[in-house]
Amino acid sequence: MREALEGSLAIARAVALTKPDVVAAYPITPQTHIVENISKLVADGDMHTEFVSVESEFSAASVVLGAAAAGARAYTASASQGILLMSEVMFNIAGLRVPLVMTIANRAVGGPLSIWNDQSDSMAVRDSGWIQIHCISNQEAVDTTIQAFRIAQETDLPVAVCMDGFVLTHTMEVIDMPSQEEVDAFLPPFEFAGALDTANPRSMGTLVDPNYFAEVRHSHHAAMGKALAKIEEIDAAYAEVTGRASGGLLTVDGPKKAKVGIIAMGSVVGTMMAGREHYGGEVGEARIVKLRSYRPFPAKALRAAVKGLDKVIVIDRAISPGMGGVLGTEVSAVLSTLDKAPKVYNYALGLGGRDIPETMYRDLLTTIEAKDAPRFAVFDADLEKLPPEDR
Amino acid sequence: MTQITRGTWAEAGTSLDFKTGNWRSTQRPVHIHAKAPCHGACPAGEDQQAWFAELQMGHPESAWRSLVAANPLPGVTGRVCPHPCETACNRVQLDGALAIHNVERWLGDEAVLQGWDYPVTPPAKDAPVVAIVGAGPGGLSAAYHCVRLGLRAEIFEALPEAGGLLRSAIPPTRLPRTALDAELNRLLDLPGITLNLRQRLGRDISVEGLRERFAAVLLSPGCESPKPWSVKGAVPADLHEGLALLRDFMDHGALPDAAKGDVIVHGGGNTAMDICRIMKRAGAKSVTLITASGLPGPDTAPDDLINVVPRELEEAQEEGIEIIDHATVSRLIMKGSRVTGVEIIALRKERGKDGRKRRVEFEGTERVISVDMVVPCVGEQVAPEAFEGLLNGAYFWPDNLYGRIAPRTFSIGDARGNRGTVAAAIGDGRIAAEAVAAELAGEEDPVADARPEMAFDGLNTAYYAGAVRVPVAKLPVAERTFDAEIEGGIGRAEALAEAQRCLSCGNCLACDNCWTMCPDNAVIKTTELAMDGSHYVFDYDYCKGCGLCTEECPTGFIQSVPETS
């Protein structure tokens, strides 16, 4: 049924459809509405879940770790500083191969303090070993959240569904919410082979000596590689039930003959598509690659997606100070094995909630026409705002 | 090759295979039941910490039972004892000693009031009978402990009433006769104790006769004879010795006429202090104590301090007794056979040939005081009649802890020569009774409590909250009479509150510190397995010997000892 919903409420309802046994979360802007709505669903008797109010994100992550280890379908959500506080537990959840799902309502990380959207929080836990899937719309976020539970339990890996704070979480969108029957048909009951069992006691999180640690990391990396196929497969399975897919690992959109490509994650992809619609005639139509699965990183699919392109603009919603873009650096690394690799222009945009208007599409394409176009820049930074020595 | 599971799950319980105890190399924690210093200092052998523990749990009757396991007369000692326990109390170094003395008195009085039964069972009808000479605190304690140990006791007392010096030499202002009688009568009523009054040794009975008739003989005659006193050979014709004067006054309520004038008391002890105060109260113009010892102060070493109960000294000074310390009487000025003045000389320290300092007369410091009466009060010794062959000089001086002076024959209390307190006599009575019981049973002498003592620096005082000592009321000087008890008592609530101040030195408080803080869960909480009265056992398979429990144990009950291979 189609309904106009705030992004956060839509996510809360999607989570409810997956019937989690345990939800534990600590409120933080811009994730708050998600948890608020879940607690309301529980309080109203519309969701039969053990809702654990905790005193910090560290506890929230610890509770869902314990719950999933005990065999419960578990969910949490956070953002920004909350993700950083969770980070220790996030590494443990992934390293111990515990399947559960989290929503990251992407927000900048302080300091200085910012409550607005960029993706530096999920980038900060890039190496924690979680699957990270980015959504460009609330519909995708709803569908991906439901898919994430199945991805998690089929891979024994935790899944973070990333959605841009405010831009998505606080925005009304017409959502086609799947029915309970559809979700039940798609998502089997939670099963976790590693779950604790009092009849067959085992311990988790034990000390692993140097003779085995490398093997643990190898198998984790290999599992992420195998998850690529699962993400595609499960998106297809979801489409069979609901008639709607979210784009597998990545989606390529635009003319085959295009010489310029744009690679991006999250809501900025939608902005670029709208920009192309309005300014395509003026500056040309670029091929837009919507990267959905950031971890695992779909290197092979990406190489295929850039085939025929001369130039690629990679939009980063985060920055690695001292290096440049995060996604851009990775794209460069992946494309470097190609014989005729396109030139990569990596621009950080919209940091700390800076608005990204549709004109950005035109500005980006115009910029790279110049021969001395920078390979990396904080594109929308206004250097006049800085003292000369800091520019 | 071992394969790892996904997520590195491990078989449960495998961490127990890591016997971290094998890391322990230098020290291991052990439970050591150290003696609390109060217990170590108590001449009667009371374990104050043990009975305070009962009080802390809110059981006054159990506390009293624990107390009377050593001292059957807490109502008496709770009034007259100089309480070395309080001097030794570790809490002195925090916020003041525990009011052990006052709580003891409350327990003694409460036992009388509530009629709590002494924890004794009647001895068998054919149990051996022990003869006890003297019904003072030592003899009574001996009789009580004989009964506790299954023997019977027959006491022979020269006077018409039991009590010894408690009755004859301690003024009712310190020990009201009602309190004394109440406790004494309860003790004398115990099955197995027979009291024979007006039976004087040497006149009605003899040591030899008693040794023939009884299983054992315990001699507790006290010290009845004043030590000889003269000033360079001179003695006033109308000399009144301090103890005799005190006894006469307690019996007849009268003092010689000369006591109305200026009085000098020469000596330094509780009897001297008592006679000073009684004479002052009876109307003496002035009372001056001349003592070779020193008053408390920075120049007085502990072993040089005047040997009286500190509060008695304080009260005496409040009442206007003048004390001249570090001095002696060097000459009597007589008019005929009557004293009219004394020459006093200061004493100074001089190192003798053996290297020890002693006090000698300081020539040139002589001064003369006009007096009407001089009362020597320099101590007493055993009246030698009837003890021929047993005394070693003026006293018994047994060469052993138990007071044994011959087979089945023991000496108790002041007559041993180096005692001097009621509590010491009570302690002697107990130890002698235990030795008698062992000897009659053909066993070895009992072993003394050899536990080490817990010093203040062995405690972790971070775990004790500050609490002020219970204040005790005292009769104002103007209201002090010959009868009214000067020191007030405390109530039940105060006694229970005071008990909470006990630091439980060297004993388990069940505070859970060791159990909570052990980083290896090597402290197991179990009252079943803990055979030492604590609540915990150490699991040495896992104890790394880090010493955390030792450090954090408030009472010093946990101590680290060197690890032996």
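The following legends describe close-up views of a predicted model.

**View 1. Overall make-up of chain B.** Chain B contains 17 helices and 21 strands. Of its 565 residues, 42% are buried. Among contacts in chain B with a separation of 6 or more, 71% are between residues 24 or more positions apart.

**View 2. Packing of helices α12 and α13 in chain B.** Helix α12 of chain B (residues 270-282) and helix α13 of chain B (residues 310-318) have axes that come within 10 Å and cross at roughly 25°. Because angles under 35 degrees count as roughly parallel, α12(B) is roughly parallel to α13(B). The two helices, α12(B) and α13(B), form a left-handed crossing. On the side of α12(B), the contact involves B:Asn270, B:Met273, B:Cys276 and B:Arg277, while α13(B) contributes B:Glu312, B:Leu313 and B:Ala316. By class, the residues of this contact comprise four nonpolar, one polar and two charged.

**View 3. The side of chain A that touches chain B.** Here 14 residues of chain A are in contact with ten residues of chain B. Within chain A, β9 (202-203) and α8 (210-242) each provide at least two residues of the side that touches chain B. The most is given by α8(A), with three residues. This side of chain A consists of seven nonpolar, three polar and four charged residues.

View 4. Strand β9(A) is joined by two bridges to strand β1 of chain B (residues 10-11), and the strands run antiparallel. In this pairing, A:Ser203 stands opposite B:Ala10 of β1(B).

How values were computed: Residues numbered from 1 in each chain as written. Chains lettered and ligands numbered in written order. Predicted model: local features only at pLDDT ≥ 70, side-chain atom pairs only at ≥ 80, totals over all residues. Axes fitted to C-alpha atoms, helices over the stretch in contact; angles between N-to-C directions. Helix = DSSP H or I, 4+ residues; strand = E, 2+ residues; numbered from the N terminus. Parallel < 35°, antiparallel > 145°, perpendicular 65-115°, else oblique. Left-handed = near helix turned anticlockwise from the far one by under 90°. Contact = placed C-beta atoms within 7 Å. Nonpolar A, V, L, I, M, F, W, Y, C, P; charged D, E, K, R; others polar. Buried ≥ 20, exposed ≤ 12 C-beta atoms within 10 Å, placed from the backbone. Pairing = 2+ DSSP bridges.
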